[in-house]
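Please keep the structure open while reading.

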Amino acid sequence: MREEDLQLARQMVANSVSSSLEEENDGAGISSPGDSPRPLRRVLDISERRKQFRRTRSLNAPSPVQQFGPCGRIMKNSAMVMQIQDPASQRLTWYKPPLTVLVIKKVSDASVLAPFVQLVDWLLQEKNMVVWVESAVLEDSLLNEDVRFNALRDKLVTFKDGRDDLTDRIDFIVCLGGDGTLLYASLLFQQSVPPVMSFHLGSLGFLTPFRFDNFQDQLTSVLEGHAALTLRSRLRCVMHRRSDRKHESKTQQVDPLADARPTANSILVLNEVVIDRGPSPYLSNIDLFLDGKYITSVQGDGLIVSTPTGSTAYAAAAGASMIHPSVPAIMVTPICPHSLSFRPIVVPAGVELKISVSPESRNTSWVSFDGRNRQELFHGDSLRVTTSIYPVPCICAQDQISDWFASLADGLHWNVRKRQKCLDELSDLTASGSEDTLDEIENMKLYDV
């Protein structure tokens, strides 16, 4: 909250108290010290006072002040997971012109080749940008047959996934394909992620709001800084093996910069982390802890821990609610639980979840991160999940609200059904004399009796 807003709030409280005291003193006289104090009357119109505030949003709700009553207020805490900004004010700005752009295209799709060549040529010739592509792109046989691409081949900068670090080398990312291209971009950048602009050239396209028809105008507008942003939170997942417990106990002090220095066994996911029973025929038996406190045991096919972005992916198929990506939350969704009362839950973004195989479980579990890096979770191992401080800044085609509801309608056909007819359209049915026919049947029955 801004300092001037806080000063205004304090001044309003002081004025309201003084005004109330003055009115009571004028009407009833000044009470002696021994008299009981009278309750203050409400003399100010709260709705008018609220109009003087600039609307801000906190983690929980719109809140102009952080003080509650005369004595209570939120304690300042340096251990902040993320700073929540008003989603409507999240706009892209460049403090210096972007020079390098990473182009990610959908693999094994011939329909993406022509748009890819067209985009790369335009970025090199018209915008004079340094274009990065994955080295595997240059090995595409269909792409190498394109005469136009062969003229651009030597101008491209390549990298290899798992070998080259792209941190602080890329200013801007363009994805051509489906939602998988955005997930791959998230995987490449395990810390700060450059702004991502995704074009819909895949199948579902829930996370790709842009159409490729007029990509020149859209890219020019974004490069000039005219775009809204959706900050899609990610989950930081850390595997703790039983063999590493002895080393972990020696270094068990809290490090506020732990997320800034990711360990070798940590990974950031954009959609979800899935814990399932793998090839075993037995039920999964998974213990779930929240901030060190035991919550429940999951007996079923498994568990999905997802971000709001992932709420429209695997979690939606498992019966979870769909959450807007600007909501700071973590979703916990069971997969086919052997309990009719086990419903999906939503927990605050700042908590830490610990997931481990129950000691009495008949089998181990398997973990996958955004559908990749699948590995086994043994007895004694644990998986810790919390919200990362590094979101994925996705550029909006229109704005946060319009893009999300458009993707719900186009991708999932959300709430699509035939409209109920109004009464005017049913007038022919009401005039058909059906009620008279029913009356005649009843009369016939009476005559028969």
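Contact here means heavy atoms within 4.5 Å.

1. **H226 and its contacts.** This is a predicted model. With residues up to four places away in sequence left aside, H226 touches R91 and S221. H226 lies in the loop between α7 and β8 (229–232). Is H226 buried, exposed or partly exposed? Its relative accessibility is 49%, so H226 counts as partly exposed, since that class runs between 20% and 50%. H226 also has W94 at 9.8 Å, C-alpha to C-alpha, across 132 residues of sequence.

2. **The chain overall.** The chain has 449 residues, and 39% of them count as buried. Its secondary structure comprises 12 helices and 21 strands. Take the contacts between residues at least 6 apart in sequence: 72% of them join residues at least 24 apart.

3. **Helix α3.** Residues 113–125 form α3, a helix of 13 residues. From first C-alpha to last, α3 reaches 18 Å, close to the 18 Å expected at 1.5 Å a residue. How many residues of α3 are buried? The count is 10 of 13, so the helix is mostly covered. Among the buried ones are L113, P115, F116, V117 and W122. D121 is also on the buried list.

4. **What covers α3.** The cover over the buried residues of α3 includes strands and helices. The strands include β3 (100–105), β4 (130–134) and β6 (172–177). The helices include α4 (141–144), α5 (147–152) and α7 (215–223).

5. **Aromatic pairs.** The structure holds nine aromatic pairs. One of them joins F199 and F212, edge-to-face, with 5.6 Å centre to centre and 80° between the planes. This pair links distant parts of the chain: F199 is in strand β7 (residues 196–200), and F212 is in the loop between β7 and α7, 13 residues apart. Both F199 and F212 are buried. Why does the pair of F212 and F215 count as stacked? Their planes are at 10° with ring centres 4.5 Å apart, so the pair is stacked, because planes under 30 degrees apart fall in that class.

6. **The ring cluster.** Ring pairs link W122, F199, F210, F212 and F215 into a cluster. W122 is also one of the buried residues of α3. F212 has 10% relative accessibility and counts as buried. F215 is buried too, with a relative accessible area of 1%.

7. **A charge over a ring.** K354 lies over the face of F289. The distance to the ring centre is 5.2 Å.

8. **Positive phi values.** Two backbone angles deserve a look. Most residues other than glycine have a negative phi. C336 is not a glycine, yet its phi is near 45°. C336 sits in the loop between β15 (329–335) and β16 (345–348). D370 has a positive phi of about 55° and is likewise not a glycine. D370 sits in the loop between β18 (365–369) and β19 (372–377).

9. Is C336 buried or exposed? Its relative accessible area is 54%, so C336 is exposed, as the class starts over 50%. D370 stands at 15% relative accessibility, so D370 counts as buried, the cut-off being under 20%.

Methods:
Residues are numbered from 1 along each chain as its sequence is written. This is a predicted model: local features need pLDDT of at least 70, side-chain atom pairs count only at pLDDT 80 or more; totals for chains, interfaces and linings use all residues. Side-chain values use heavy atoms; hydrogens and water are left out. Helices (H or I, at least four residues) and strands (E, at least two) are DSSP runs, numbered from the N terminus. Buried means under 20% relative accessible area, exposed over 50%, partly exposed in between (1.4 Å probe, protein chains only). The expected span of a helix is 1.5 Å times one less than its number of residues. Rings of Phe, Tyr and Trp (its six-membered ring) pair if their centres lie within 6.5 Å; planes under 30 degrees apart count as stacked, over 60 as edge-to-face and the rest as tilted. A charge sits over a ring if NZ of Lys or CZ of Arg is within 6 Å of the ring centre and within 35 degrees of the ring normal.
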